[in-house]
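Trainee: I would like to go through this model feature by feature. Please give the general idea each time, then the case at hand.

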Amino acid sequence: MRMNALREYEPVPGTLVEWRPIESTMDSMGVAREHPAPPSSFQENHIRRSLANDAAGAVHSPWLSTVFDLPGRLDAEAMAVAWQQWVRRHGTLLTWFEDTGDELRRCALDTDDVEFVPVEVGDYDTGAQIREHLLHRFDTATSALRWPPFVLGAVLREESSTVFFAVDHAHTDGYSIFLVFDELRRLYEQQIGGEPAALPEVGDHAVFAARERGLAIEPEAQAAAVQTWSDFWLSGGERPPSFPLPLGLDDDEPRGKLLMERELFDADQANAFGKRCREHRGGFAAGIFAALAIAASELAGTESFRTLTPVQTRDERQWAAAQGWFINLVPLHFALTGLGTFGEVLTAAEQAFARARAIADVPVVKLVELLGSQLKLQEDARTVLPIVSFIDLRRIRGGELWEQADAQVLSGPGEGFDVPMWINRLRGLTYLKASYPDTAVAAENVARYLDRTMAVLHRVIADGDHEFRSAVPAAVLAE
C-alpha cells in the first residue's frame, strides 16, 4: 500500500455516498457515559498539538486516511451493516474526548446504540471535484473532540467502487490504518456473499491507554531510559534531530509540506539487501538506518546519526489487529567517527537499535514529564517531531490484494518544518516516503539525500559493502 498526498489523488468520477450515524445514534450522545480510561500519552499529546495549531490558525491535517477499490457497484445497505460491525468491533471508535481545560475526559457510546445509514451526496463529473469534497470532509468531520471522529464513504460506479475512510489520528496509528482494507472488505463480502469474515478477536485501545497511564515504571527500566535519552539528547547539543542539509527555512514564513518518494527495492533486491545485512551480522531495518547515516556523512560531513523512530507496543495478542495508537518513540543514535564501511556502520546501527528497543516499554511522553526541562523535545506544541519510521508490512492480511485494489494511505495538507521519513516494506516493493518543506532548497537537498541513500543501498547489494569518506562539514569550510 502506497502513501500519497490527498491533493495528488484523483479518483474516477461517480455517485458519492457516505455512511452516517442514524438520528437515534446521535441522540444517544446526550446520555453518553463518561469512560474511565484517560487518553493515552500519545493521544493527549496529539490532541494538545491539534488545539495549539487551531489556536495559531496553522494549516494541519490531524487525520489518517485510506482509499481502496471494490469490484462492481457497491451495495450501500450491505456496507452500512459491515461498517457498523467494524466500528462496534474497535472500542476506541466509540469514544471521544472533552477538553475541560485541566484534562481531557473520555466519553463513550454504548455499542448497541451505534448504527449507520447510507446518504447519497450526489453525482460528481470529475475526480478533482471528489478530491475537494474529501479534503473538506476530512478536515471538518474528523476530530477527537466530538463523535463520530471518522468519515466513511464511497464513489459508486458500475464497474468498480472506491471506498474512502478517514479518522482522527488519536484513534489510529500508521500500522492500524493499513489494517482497515482487509477487515472492512471481509465484513462487506460477508454481507453480500455469506462467507464468514473470520476476523481475530481484538482488544480495546481505551483499555491499553488506561494501563499505559497507570503504569508504574520500574526503577531499573526508568534509569535505563533516562540514560539512553540523555546520551541521545546531549550528543545533539540538547536539540532534537534535524535533516542534515539546508532546507531553505531562513525566515519565519510558514511553508507547506510536499512528499517525495523513492522506490528502494523490488522483492528480489530487498531479499538480497537483507542477505548482505545478515553477512555483516545486522538486520534489514538497521541496514536502512546505516545507509541513511552514510548518506548524511558523505553529503554533509555529519559525525553521528540521530533520529527518533517509532516502535510498536502491541505486546499482547489482543492488540495485534486492534485499531489504536500502539507505538512509542525511541531515540536512535550512533557515532560515525572512525568508521569507513557500511559493515562497520551497520554494526553501530544494530547496537543502537538494540538499545532503543530495550526502552520501548517506557513511554517517551511520560519520560518527558519526569525529566521536565532536561528534555525539551517539543518546545513548540504545534510541531511534529521528525522521525524515521520503518514498518515491515509483508505479513498483513490482504496485503496481496493492495495493488489490485489500488489501496493507498493518504495524508492531508500541513506545514513543513523538517523531513520525517517513512520506509515501508511490502511484499513486492520497499519504498521511502519523505515529507519536506515547500522550498526550492529543500526539494533539491532532499532529492540529493534520497538519491545518495539509494546509491549506498545498491552498492551494498552489488559489492557486499560500501566504503565511504565523510565530506568536510560546511561549517568547517566557512572558517
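Trainee: Which residues does Asp173 touch, not counting residues up to four places away in sequence?

Mentor: Contact means heavy atoms within 4.5 Å. By that rule Asp173 touches Leu64, Arg314, Gly324, Trp325, Phe326 and Ile327. This is a predicted model, in which local features need pLDDT of at least 70 and side-chain atom pairs count only at pLDDT 80 or more, while totals for chains, interfaces and linings use all residues. Residues are numbered from 1 along each chain as its sequence is written, and side-chain values use heavy atoms, with hydrogens and water left out.

Trainee: Where is Asp173 placed, and is Asp173 buried or exposed?

Mentor: Helices (H or I, at least four residues) and strands (E, at least two) are DSSP runs, numbered from the N terminus. Asp173 sits in the loop between strand E9 (160-168) and helix H5 (176-193). Buried means under 20% relative accessible area, exposed over 50%, and partly exposed in between, with a 1.4 Å probe and protein chains only. Asp173 has a relative accessible area of 1%, so it is buried. A polar atom of its side chain lies 2.7 Å from the backbone nitrogen of Ser176.

Trainee: How should I read the sheet, and what is the order of its seven strands?

Mentor: Two strands pair if DSSP finds at least two bridges between them. Here the open sheet runs E1-E14-E4-E9-E8-E2-E7, with mixed pairing. Strand E1 (2-5) and strand E7 (116-124) are at the edges with a single partner strand each, so one side of each has no neighbour in the sheet. From one strand to the next, the twist averages 25°.

Trainee: How many bridges join E4 to E9, and how many pair E4 with E14?

Mentor: E4 and E9 run antiparallel and are joined by nine bridges; Trp63 stands opposite Asp168 in E9. With strand E14 (residues 408-411), strand E4 (residues 63-71) pairs in the antiparallel sense over three bridges. On that side Val67 faces Gln408, and Thr66 has Val409 as its bridge partner. Helix H5 packs on the sheet, touching E4, E8, E9 and E14, and its direction makes about 40° with that of E4. Seven of the nine residues of E4 are buried, so the strand is largely enclosed by the rest of the structure.

Trainee: What angle do helices H8 and H12 make where they pack?

Mentor: Two packed helices are described by the angle between their axes and the distance between the axes. Axes are lines fitted to C-alpha atoms, for helices over the stretch in contact, and angles run from 0 to 180 degrees between N-to-C directions. Helix H8 (residues 267-279) and helix H12 (residues 440-463) pack at about 75°, with axes 9 Å apart. Angles under 35 degrees count as roughly parallel, over 145 as roughly antiparallel, 65 to 115 as roughly perpendicular and the rest as oblique. H8 and H12 are therefore roughly perpendicular.

Trainee: Where are there backbone values to check?

Mentor: Most residues other than glycine have a negative phi, and most peptide bonds are trans. The bond from Trp147 to Pro148 is cis, with omega near 0°. Ala198 has a positive phi, near 55°, and is exposed, with a relative accessible area of 56%. Glu238 also has a positive phi, of about 60°, and is partly exposed at 47%.

Methods
Polar contact = N/O pair within 3.5 Å; in protein donor to acceptor, adjacent residues only side chain to side chain.
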